[in-house]
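Please consider the structure shown below.

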Amino acid sequence: MPACFFDTCALVPRYRPGKFTYRVNQVFGGPKSIFVAEITMVEIVSAFGSICRKQKLPDSDFEQMNAAFFDDVANGRIQIRLITRSDMLRARHLLSLAGIVNRRNLGSSDALVAVSCRELALETHQRVMFYTRDWTLYSTLYQINAYRSALRMRFLGLGRGGITPASN
């Protein structure tokens, strides 16, 4: 069964209708194993709170989104990849490569998500479909062969600067 891995920002449309909800729900509707990094458990709550503050939504909307996410986790629709000490070291290396060598502003959470996804691909010996709406993360990983060769990356949006929104 193919594996899909969601960055937090790409997962949000599943719980709050928007531009990419249909596309995300199509992925969830198929026979795929869907994974997120452990840090997503915290990031998703922050994302839901941000949506509610910006859109002035009632607390009940926050609770509904939060409950729907944790239902997906509880029923096994979403599997959580625990962050290991090795993942932390790999994320530090990715941050050094991205930030110093490639001059990219990659965040620490994004590095942990990327490393967790790549480790899943290496463990399963198959390319994992990685979904994100974060252009900085997508374009950074796209430029690093170790990630581009292990992941089939999908950016939810339009490509920029000659980089396509999907890697092969």
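The count comes to 10 aromatic pairs, where rings of Phe, Tyr and Trp (its six-membered ring) pair if their centres lie within 6.5 Å, and planes under 30 degrees apart count as stacked, over 60 as edge-to-face and the rest as tilted. One of these pairs is that of Phe-69 and Phe-70, which is edge-to-face because the ring centres are 4.9 Å apart and the planes stand at 75 degrees. The model is predicted: local features need pLDDT of at least 70 and side-chain atom pairs count only at pLDDT 80 or more, while totals for chains, interfaces and linings use all residues. Residues are numbered from 1 along each chain as its sequence is written, and side-chain values use heavy atoms, with hydrogens and water left out.

Phe-69 is buried, at a relative accessible area of 0%, whereas Phe-70 is partly exposed, at 31%; buried means under 20% relative accessible area, exposed over 50%, and partly exposed in between (1.4 Å probe, protein chains only). Trp-135 and Phe-155 form another edge-to-face pair, with 4.9 Å from centre to centre and 80 degrees between the planes. Trp-135 lies in helix α7 and Phe-155 in strand β5, so this pair ties together parts that are 20 residues apart in sequence. Here helices (H or I, at least four residues) and strands (E, at least two) are DSSP runs, numbered from the N terminus. Trp-135 is buried, with a relative accessible area of 14%, and Phe-155 is buried as well, at 3%.

Strand β4 (residues 128-132) runs parallel to β5, and 5 bridges join the two; strands pair if DSSP finds at least two bridges between them. Within this pairing, Thr-132 stands opposite Phe-155. The loop between β4 and α7 (135-142) holds Asp-134. Leaving aside residues up to four places away in sequence, Asp-134 touches Asp-7, Cys-9, Asp-110 and Phe-155, a contact being heavy atoms within 4.5 Å.

What is the count of disulfides? The count is 0, a disulfide being a pair of cysteine sulfur atoms within 2.5 Å. Cys-9 is in no disulfide, and the nearest cysteine sulfur, that of Cys-117, is 13 Å away. For Cys-52, the closest cysteine sulfur is in Cys-9, at 17 Å, which is too far for a bond. Cys-9 is partly exposed, with a relative accessible area of 26%, while Cys-52 is buried at 8%.
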